[in-house]
Amino acid sequence: MEKYIEEVINTDRLAREKVANAKKQLKEISGLVSSSSQDVYKKLMDEEKKELEIIQENIQREIDEVRSNCEKEKKAGLDSLEERFNAHREEWIEQIVANCIQ
């Protein structure tokens with residue numbers, strides 16, 4: 001009978017040790033997962049930040065290009081208007097005066 005009691009006690013002791021080891025491993029794994037999840041989050045945020053910077057650079061480049069094109073078109077329009085004015089100035093002045101006199 002003592003043999004059976006001793007066997008039960010040993011089995012209980014081994015089971016308690018296994019439970020303690022399992023709890024210890026669970027705690028270690030939880031710490032690793034927590035640490036890893038923070039690293040993964042930081043890595044993803046860094047990647048998103050880089051992508052956002054690239055998008056912002058592309059948008060700024062497009063804005064600069066549109067601004068440059070608008071300035072060129074404005075200058076071309078003003079030059080064309082000034083050229084037309086200089087070419088027809090005398091004619092227009094004569095027409096205005098003629099219309100005012102009539």
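**View 1. Lysine 74 and glutamate 71 form a salt bridge, their closest N and O atoms lying 3.7 Å apart.** The model shown here and in the other views is predicted. Lysine 74 and glutamate 71 are three residues apart in helix α1, which means that about one helical turn separates them. Lysine 74 is partly exposed, with a relative accessible area of 48%. Glutamate 71 is also partly exposed, at 44% relative accessibility. Side chains of opposite charge can pair when their charged atoms come close.

**View 2. A salt bridge joins the side chains of arginine 67 and aspartate 64.** The N to O distance in this pair is 4.0 Å. Helix α1, which covers residues 2–101, holds both partners; arginine 67 and aspartate 64 are three residues apart in it, so about one helical turn lies between them. Arginine 67 has a relative accessible area of 52% and is therefore exposed, the cut-off for exposed being over 50%. Aspartate 64, at 38% relative accessibility, is partly exposed.

**View 3. Aspartate 79 is bridged to lysine 75.** In this salt bridge the closest N and O atoms are 3.1 Å apart. Aspartate 79 and lysine 75 are four residues apart in helix α1, about one turn of the helix. Lysine 75 is exposed, with a relative accessible area of 52%, whereas aspartate 79 is partly exposed at 38% relative accessibility. The search of the whole structure finds six salt bridges, among them the pair in this view.

**View 4. The protein has one helix and zero strands.** Its radius of gyration is 43 Å, well over the 13 Å that the globule rule gives for 102 residues, so the protein is more spread out than a compact globule. The C-alpha trace spans about 140 × 25 × 10 Å along its principal axes.

View 5. Of its 102 residues, 0% count as buried. The accessible surface comes to about 10100 Å². Carbon and sulfur atoms account for 57% of that surface. The protein carries 18 positive and 24 negative side chains. The centres of the positive set and the negative set lie 11 Å apart.

Definitions and conventions: Residues are numbered from 1 along each chain as its sequence is written. This is a predicted model: local features need pLDDT of at least 70, side-chain atom pairs count only at pLDDT 80 or more; totals for chains, interfaces and linings use all residues. Side-chain values use heavy atoms; hydrogens and water are left out. Helices (H or I, at least four residues) and strands (E, at least two) are DSSP runs, numbered from the N terminus. Buried means under 20% relative accessible area, exposed over 50%, partly exposed in between (1.4 Å probe, protein chains only). The radius of gyration is taken over C-alpha atoms; the globule rule is 2.2 Å times the number of residues to the power 0.38. Accessible areas come from the Shrake-Rupley method with a 1.4 Å probe; for residues, only the protein chains shown count as cover. Lys and Arg count as positive and Asp and Glu as negative; His and the chain ends are not counted. The place of a charge is taken as NZ of Lys, CZ of Arg, CG of Asp or CD of Glu.
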